[in-house]
Amino acid sequence: MQGEMQEVDTLAGASGDGTSGTVRLTAVPMVINHILVPALCDLRAAAPGLRLELIAEARDLSLLRGEADIALRLARPTEGGQGVLARKLGDIDYAAFALRDAARDLPWIGYETRMQYLPQAAALTRAAEIEGAAQVSVNDAETLFRLVCSGHGKTLLPRIIGGAEPRLVELPFRHGALPRRELWLMLRRELRDLKRVRLVADWVEGVLSARMSQAQPACSPDHGEDGDNP
């Protein structure tokens, strides 16, 4: 019932030129905070009547249940079938980063044990076993970013985020292949012809395309063969 009511609200929210109304967009906190929010002024200027709900969630919200209209995922989607449209935007490369001018013997900051299913978590565990781990672990990439920016250690971050942060410097990674994760854009099929939904989806794609094209490795990358090139 809640999903049906949200769908009615979404479909009924259009007015004027079709860009007014609400669009709910979900992604992991790091993507929203470091990529989408800095580019939000362009979208607001293009659609003053648009109300954008940015839902920063580490878990995957359900498009089919109406928890969001558009989703960005860091893995190939498994939800939706014919009810969801999905398109791969590219690959997110990870790299090692530390605070600029920090000591070179910093420990690796990684994820708690339950997060080892993430490719970057497994790579960090491998590196920490060789070089040493910090006395802190996290379950959230945003917390990891803050710890590294505060000088508590080094870690693996998406290059499109770590490379854009002037406080950080990219380091060589000598412990096997660096992670690479697929980036997918998803939206509810029944909303694809709504102008405001298409506007937000196009904006997201443009922002991410620009950021990925700017993310050049400062060190020689070492990636596995399990990711596709954009």
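Good morning. pLDDT is the predictor's confidence in each residue, on a scale from 0 to 100. The structure shown above is a predicted model. Its protein chain has an average pLDDT of 86, and 86% of the residues score at least 70.

Let me turn to helix 4, residues 119-131. With 1.5 Å for each residue, its 13 residues should span 18 Å; the C-alpha atoms at its ends lie 19 Å apart, which agrees.

Which residues of helix 4 are buried? They are Gln-120, Ala-121, Ala-123, Leu-124, Ala-127 and Ala-128. These residues cover an arc of only 160° around the axis, so they sit on the same side of helix 4. An α-helix has 3.6 residues a turn, and therefore residues three or four places apart point the same way. On the other side of helix 4, Glu-129 and Ile-130 are exposed.

The buried residues of helix 4 pack against several elements, including strand 4 (84-99), helix 5 (141-149) and strand 9 (180-188). Just after helix 4, Gly-132 adopts a positive phi of about 110°.

Finally, I would like to consider His-34, which belongs to helix 2, residues 29-36. His-34 has a relative accessible area of 16%, and it is therefore buried, the cut-off being under 20%. Leaving aside residues up to four places away in sequence, His-34 touches Glu-142, Phe-145, Arg-146, Ile-161 and Arg-211.

Conventions. Residues numbered from 1 in each chain as written. Predicted model: local features only at pLDDT ≥ 70, side-chain atom pairs only at ≥ 80, totals over all residues. Heavy atoms only, no water. Helix = DSSP H or I, 4+ residues; strand = E, 2+ residues; numbered from the N terminus. Expected span 1.5 Å × (residues − 1). Buried < 20%, exposed > 50% of the residue type's maximum accessible area, 1.4 Å probe, protein only. Arc of directions from axis to C-beta. Contact = heavy atoms within 4.5 Å.
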